[in-house]
Amino acid sequence: MINIVIPIASNFFIDENEEYQFPLPLIELYGKTLIEYTIEGIEKVDDKIKFIFILKEQDCRKYKFDSSLKLLKPDCSIIKLNNTTKGAICSILMAIDEIDKEEELIILNYDQFIDLNLNVFLKNFRQLNADGGLITFNSIHPRWSYAKIDGEFVIQTAEKNPISNLAIAGFYYFKRASIFIDSAFDVIKFDQNYNGNFYTSSVYNQMILQNMRVYSFLIKKESYYSFYSPQKVNEFKDFLKNKHE
């Protein structure tokens, strides 16, 4: 069993082209919403999956987002946040009672699609007996979080700071969920924040300080689609169009 936690409690843009305006995860391309593409990308792994979604209560009231996700994944757990948290780590920790602590954990961004077989990454991390693992791609833009490596190991991560040319895609692997939980509390304890918020990438720095083994798996930038702007959604639409032709 793998815990798959997908936080969807951050801000996202609204599709202004629709008569009824939808938030980013519910924008439809070729008959499917963007969140469906994200889910389909991760559910191809060979293991049994436990999905945990973290939503804003207001989005559930306004868009019935929880109902849509329950139709997609009837057995999923949904955590509703009444208030804004201090970043992704805090939002994820709100799901602590739903996470199987001794099972593997993958934290996945809701606004992305990785055009690769994710079983390859899991197999790689397991063969290396990795405590944690990241998927990276080449970039130098400060919008991303970054990983610095030495040999085969990740030795540092940084949020919105290109300390290397290895940008972190929104795929965070942990051998056991308890590793993430303990390290996340350390991030908060030692106030390792960026602009007042606590980000998932910071957890790996705490793991590295505990001499844990963190690895990076490099992919081609062309295999990673992030939906952070209307332009990027259109790029993903072009990718889907080519697949349908």
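Modeller: Let us begin with a term. A residue lines a pocket when it has an atom within 4 Å of one of the pocket's grid points. Keep in mind that this model is predicted.

Biologist: Which strand gives the most to the lining of the second largest pocket?

Modeller: Strand S15 does, with three residues. S15 spans 224-226, and helix H8 spans 230-244. Each of these two elements supplies at least two residues of the lining. The volume of this pocket is about 250 Å³. In total, 13 residues line the second largest pocket. The closest to its centre are Lys221, Tyr224, Tyr225, Lys232 and Glu235.

Biologist: How many cavities of 30 Å³ or more does the structure hold?

Modeller: A cavity differs from a pocket: a probe fits inside but cannot get out. This structure holds one cavity of 30 Å³ or more. The largest cavity has about 50 Å³ of space.

Biologist: Which residues line the largest cavity?

Modeller: Thr38, Gly41, Ile42, Leu108, Gln112, Phe113, Ile114 and Leu118 do. Helix H1 and strand S9 (112-114) each supply at least two of the lining residues. Now look at glutamate 40, which is also in H1. Its C-alpha atom and that of phenylalanine 113 are separated by 9.0 Å.

Biologist: Is glutamate 40 buried, exposed or partly exposed?

Modeller: Use the cut-offs: buried is under 20% relative accessible area, and exposed is over 50%. Glutamate 40 has 25%, so it is partly exposed. Compare that with leucine 108 in strand S8. Leucine 108 has 4%, so it counts as buried.

Biologist: What does leucine 108 touch, not counting residues up to four places away in sequence?

Modeller: Leucine 108 touches Val5, Ile6, Pro7, Thr38, Ile42, Gly170 and Phe171.

Biologist: Which residues touch the most other members of the largest nonpolar core?

Modeller: Start with the general idea. In soluble globular proteins, nonpolar side chains tend to be buried together. In this model, the largest nonpolar core has 53 residues, and Ile8, Phe53, Phe171 and Phe236 touch the most other members. Helix H1 (residues 34-42) gives the most to this core, with five residues. There is also a second, separate core of 32 residues, and Ala9, Leu93, Leu105 and Val154 are among them.

Biologist: What is isoleucine 8 in contact with, leaving aside neighbours within four places in sequence?

Modeller: Isoleucine 8 contacts Pro25, Ile35, Phe53, Ile54, Leu55, Phe65, Leu69 and Tyr110.

Biologist: How do I read a helix, and which residues of H6 are buried?

Modeller: An α-helix has 3.6 residues a turn, so residues three or four places apart point the same way. Helix H6 covers residues 177-189, with 13 residues. From its first C-alpha to its last it reaches 18 Å, close to the 18 Å expected. Its buried residues are Ala177, Ser178, Ile179, Phe180, Ile181, Ser183, Ala184 and Val187. They pack against strand S1 (2-7), helix H4 (88-93), strand S8 (104-108), strand S13 (166-174) and helix H7 (202-209).

Biologist: In which sense do strands S11 and S12 pair?

Modeller: Strand S11 (residues 145-150) and strand S12 (residues 153-159) pair in the antiparallel sense, over six bridges. In S12, threonine 157 is the bridge partner of alanine 147. The hairpin has two residues between the strands, and there glycine 151 takes a positive phi near 70°.

Biologist: Where is threonine 136 found, and what is its relative accessible area?

Modeller: Threonine 136 is in strand S10 (residues 132-138). Its relative accessible area is 0%, so threonine 136 is buried. Beyond neighbours within four places in sequence, threonine 136 has contacts including Ala147, Leu166, Ile168 and Phe217.

Technical notes
Residues numbered from 1 in each chain as written. Predicted model: local features only at pLDDT ≥ 70, side-chain atom pairs only at ≥ 80, totals over all residues. Heavy atoms only, no water. Helix = DSSP H or I, 4+ residues; strand = E, 2+ residues; numbered from the N terminus. Expected span 1.5 Å × (residues − 1). Buried < 20%, exposed > 50% of the residue type's maximum accessible area, 1.4 Å probe, protein only. Contact = heavy atoms within 4.5 Å. Pairing = 2+ DSSP bridges. Core = buried A, V, L, I, M, F, W, Y, C linked by side-chain atoms within 4.5 Å. 1 Å grid on protein atoms, 1.4 Å probe; cavity = no way out; pocket = protein on both sides within 12 Å on 5 of 7 lines; lining within 4 Å. Points joined across faces, edges and corners; volume = space filled by probe spheres on them.
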